[in-house]
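Dear colleague,

I am handing over the structure below, together with notes on what was found in it. Please read the notes with the coordinates open beside them.

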Amino acid sequence: MSYFENYRGIKLDIQSVDISIGKSVHETIRTVVDKLERHAGKINFTDVYLKKENTANGVDKFVRIRLGIPGPDAFAEDTGEHWETTIRNVADKIERQLKKGNDK
């Protein structure tokens with residue numbers, strides 16, 4: 001499933017492989033974009049890739065986010081048991097990248 005949205009001037013592209021995601025996942029993505037925008041300043045686009053993987057250890061939600069910002073894009077990925085938690089974990093990784101870049 002592909003979902004495109006112009007969210008507050010940011011091109012939001014959500015790709016989910018063979019799954020349908022609910023409104024709470026979309027709201028979580030919008031919330032983390034708002035949070036990341038405070039640290040990045042200008043966000044041109046956000047690409048979100050969601051995939052469900054069957055694994056032996058039960059961790060089966062895979063999330064990858066690429067943030068298009070001036071300069072090098074910020075990128076992170078993670079796996080977890082719940083979409084919302086995993087999305088927030090990936091956003092935290094990107095936030096650390098942005099803070100590290102601002103400290104230079």
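Which pattern does the protein chain follow when it is read along the sequence? The order is β-β-α-β-β-β-α, and the secondary structure comes to 2 helices and 5 strands, where helices (H or I, at least four residues) and strands (E, at least two) are DSSP runs numbered from the N terminus. The radius of gyration of the protein chain is 13 Å, close to the 13 Å that the globule rule gives for 104 residues, so the chain is as compact as a globular protein of that length; the radius is taken over C-alpha atoms, and the rule is 2.2 Å times the number of residues to the power 0.38.

Before the details, a word on conventions. This is a predicted model, in which local features need pLDDT of at least 70 and side-chain atom pairs count only at pLDDT 80 or more, whereas totals for chains, interfaces and linings use all residues. Residues are numbered from 1 along each chain as its sequence is written, and side-chain values use heavy atoms, with hydrogens and water left out.

As for the overall figures, the C-alpha trace of the protein chain spans about 40 × 30 × 20 Å along its principal axes. Buried residues make up 40% of the 104 residues, with buried meaning under 20% relative accessible area, exposed over 50%, and partly exposed in between (1.4 Å probe, protein chains only). The chain exposes about 6000 Å², of which carbon and sulfur atoms supply 48%; these areas come from the Shrake-Rupley method with a 1.4 Å probe, and for residues only the protein chains shown count as cover. Among contacts (heavy atoms within 4.5 Å) between residues at least 6 apart in sequence, 44% join residues at least 24 apart.

Turning to the strands, two strands are said to pair if DSSP finds at least two bridges between them. Strand S3 (residues 45-52) is joined to S4 by 8 bridges and the two run antiparallel, with Phe45 standing opposite Gly68 in S4. Strand S4 (residues 61-68) also pairs in the antiparallel sense with strand S5 (residues 74-80), over 7 bridges; here Phe62 stands opposite Thr79, and Arg64 has Glu77 as its bridge partner in S5. The hairpin of S4 and S5 has 5 residues between the strands, and within it Gly71 takes a positive phi near 90°. Of the 8 residues of S4, 6 are buried, so this strand is largely enclosed by the rest of the structure.

Arg30, placed in helix H1 (residues 23-40), is buried, with a relative accessible area of 15%. Once its neighbours within four places in sequence are left aside, Arg30 is in contact with Tyr3, Glu5, Tyr7 and Leu12. Thr86 lies in helix H2 (residues 83-102) and is likewise buried, at a relative accessible area of 1%. Not counting residues up to four places away in sequence, Thr86 touches Lys61, Val63, Asp78, Thr79, Gly80 and Glu81.

Arg8, found in the loop between strand S1 (2-7) and strand S2 (10-17), has a phi near 55°, a positive value in a residue other than glycine, and at 53% relative accessibility Arg8 counts as exposed. Asp18, in the loop between S2 and H1, has a phi near 55°, again positive in a residue other than glycine, and at 77% relative accessibility Asp18 counts as exposed. Asp18 and Lys51 are 33 residues apart in sequence, while their C-alpha atoms are 7.6 Å apart in space.

With best regards
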